Amino acid sequence: MPQRQAIFPANRHALYEDHGYSAAIRSGDLLFVSGQVGSRSDGTPEPDFENQVRLAFQNLQATLAAAGCTFDDIVDVTTFHTDPENQFGAIMAVKQEVFSTQPYPNWTAIGVNWLAGFDFEIKVIARIPAAT
């Protein structure tokens with residue numbers, strides 16, 4: 001059975017250490033990415049909602065890259081939203097930029113009432129490409 005390997009994006013390891021979890025875990029050829037939020041480098045939320053969503057995707061991209069993955073390697077997405085009805089348009093705009101061609105990954109969206117000061121969170125499972 002493959003062992004778990006912790007993955008951290010550059011310059012963000014301390015934020016994960018402070019909260020006691022890994023940005024992602026590699027197990028075999030799968031990457032399980034913890035929820036990524038629109039946090040700035042100091043860990044504070046980006047106040048503008050659409051920019052917060054964009055920053056969450058940028059933070060996700062950095063975590064994927066640390067494991068040798070891209071958005072194209074994502075197979076499953078779960079997003080969490082504090083006000084889905086009013087946020088959906090902004091989220092879909094960013095989603096269309098990131099996932100512009102088929103096949104699209106699986107996607108589950110969940111409305112929540114608290115995200116530790118954030119309004120959007122995205123967690124994914126990706127398949128790590130074979131080394132060439």
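Biologist: Which residues do ring pairs link into a cluster?
Modeller: Ring pairs link Phe 57, Phe 71, Phe 99, Trp 107 and Phe 120 into a cluster, where rings of Phe, Tyr and Trp (its six-membered ring) pair if their centres lie within 6.5 Å, with planes under 30 degrees apart counted as stacked, over 60 as edge-to-face and the rest as tilted. This is a predicted model, in which local features need pLDDT of at least 70 and side-chain atom pairs count only at pLDDT 80 or more, while totals for chains, interfaces and linings use all residues. Residues are numbered from 1 along each chain as its sequence is written, and side-chain values use heavy atoms, with hydrogens and water left out.
Biologist: How many aromatic pairs are there in the whole structure?
Modeller: The search finds 5 aromatic pairs. In one of them, Phe 57 and Phe 71 have ring centres 6.1 Å apart and planes at 65°, so that pair is edge-to-face.
Biologist: And Phe 57, buried or exposed?
Modeller: Phe 57 counts as buried at 3% relative accessibility, where buried means under 20% relative accessible area, exposed over 50% and partly exposed in between (1.4 Å probe, protein chains only). Phe 71 also counts as buried, at 16%.
Biologist: What about Phe 57 and Phe 120?
Modeller: Their ring centres are 6.1 Å apart with planes at 25°, so the pair is stacked, and both residues are buried.
Biologist: Switching topic, which ring does the charged end of Lys 95 sit over?
Modeller: The charged end of Lys 95 sits over the ring of Tyr 104, 5.5 Å from its centre, the criterion being NZ of Lys or CZ of Arg within 6 Å of the ring centre and within 35 degrees of the ring normal. Lys 95 also lies over the face of Trp 107, at 5.1 Å from the ring centre.
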